[in-house]
Amino acid sequence: MKPRIAIIIPDRGDRPKLLANCMRQISAQTVQPNYVLFVNTPAISDKPDITWRYRTGYNELRGLGFDVIFFMENDDWYAPDYIETMMAEWEKQGRPDMMGTIYTIYYHLRLFAYFTMHHHTRSSAMSTMIKPDLEITWCADNNPFTDLWLWQHLQVKKHLFKPGKHICMGMKHGDGLCGGNSHTDQLHRYTDGKGTPDPDKSFLKSVLDPEGFEFFSNYFNQANASSGENI
């Protein structure tokens, strides 16, 4: 029997174009999930609430017979074979309780520059998958670093791996309320020599699928996109 797959997507309703693209990426997956849960309850404050949204979604999926839950974020890029690649590695490693990628590429859509973060003890939330029904003590609801907390504090069987090709990318932009601070702060990581400029978008094009490249490379040229006042 094929594993039953669920996805949790935290969403605040403040970036509809990114959400629509996220839904397109999911529908294009070579391995389809059985269920997609959007935790899109209206925000009660202007503080980050991504931990609350992941926790709420995780608890809602308890006891429903899923084998694995993917954390996916509505503003990031996922290759069409993202779920397939992750599931193949998960099966290969004996179905660990928690699994993710050992590095993350962060690409800034205003600066057209990127850097790679190597994290050998954790994965980013956007590229984490986890078994349901685990006993989890979550961090504070307004803690934007859910991934750090779970990977550091959850005492379960974990596995990190480096895919044979890039299968996802963290997209930074400053549109809507952002959980991390590399959207609008710490921009030196893209511009002071540690990051890599990509003014002609050649790196972006070499990694992304054609539909993804068309969307992300033109995001701030689209009607009704953010005016850029966040930066």
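Start by selecting strands S7 (residues 113-118) and S11 (196-197): 2 bridges join them, and they run antiparallel. Strands here are DSSP E runs of at least two residues, and helices are H or I runs of at least four, numbered from the N terminus. Two strands count as paired if DSSP finds at least two bridges between them. Zoom in on Ala113 and you will find Pro197 of S11 standing opposite.

A word on what you have loaded: this is a predicted model, where local features need pLDDT of at least 70, side-chain atom pairs count only at pLDDT 80 or more, and totals for chains, interfaces and linings use all residues. Residues are numbered from 1 along each chain as its sequence is written, and side-chain values use heavy atoms, with hydrogens and water left out.

Now widen the selection to the whole sheet. Five strands make up an open sheet with mixed pairing, in the order S4-S10-S6-S7-S11. S4 (77-78) and S11 are the edge strands, each pairing on one side only.

**Next stop: S6.** Select residues 103-108. S6 is antiparallel to S7, with 6 bridges between them; Thr104 has Met117 as its bridge partner in S7. The two strands form a hairpin with 4 residues between them, and in the turn Phe112 has a positive phi of about 50°.

Show the S6 side chains. Tyr103, Ile105 and Tyr107 point one way, Thr104, Tyr106 and His108 the other, and all are buried (under 20% relative accessible area; exposed is over 50%, partly exposed in between; 1.4 Å probe, protein chains only). Because 6 of the 6 residues of S6 are buried, the strand is largely enclosed by the rest of the structure.

**Across to S10.** Select residues 168-172, which run parallel to S6 and are joined to S6 by 3 bridges. Tyr106 has Gly170 as its bridge partner, and Tyr107 stands opposite Met171. Both faces of S10 are covered: Cys168, Gly170 and Lys172 on one side, Met169 and Met171 on the other, are all buried.

Look for Tyr78, whose bridge partner in S10 is Cys168.

**Last stop: Asp97.** Select this residue in the loop between helix H3 (82-92) and strand S5 (98-101). Is Asp97 buried or exposed? Asp97 is buried, at a relative accessible area of 18%. Leaving aside residues up to four places away in sequence, Asp97 touches Met129, Ile130, Lys131, Leu134, Val156 and Lys157, where contact means heavy atoms within 4.5 Å.
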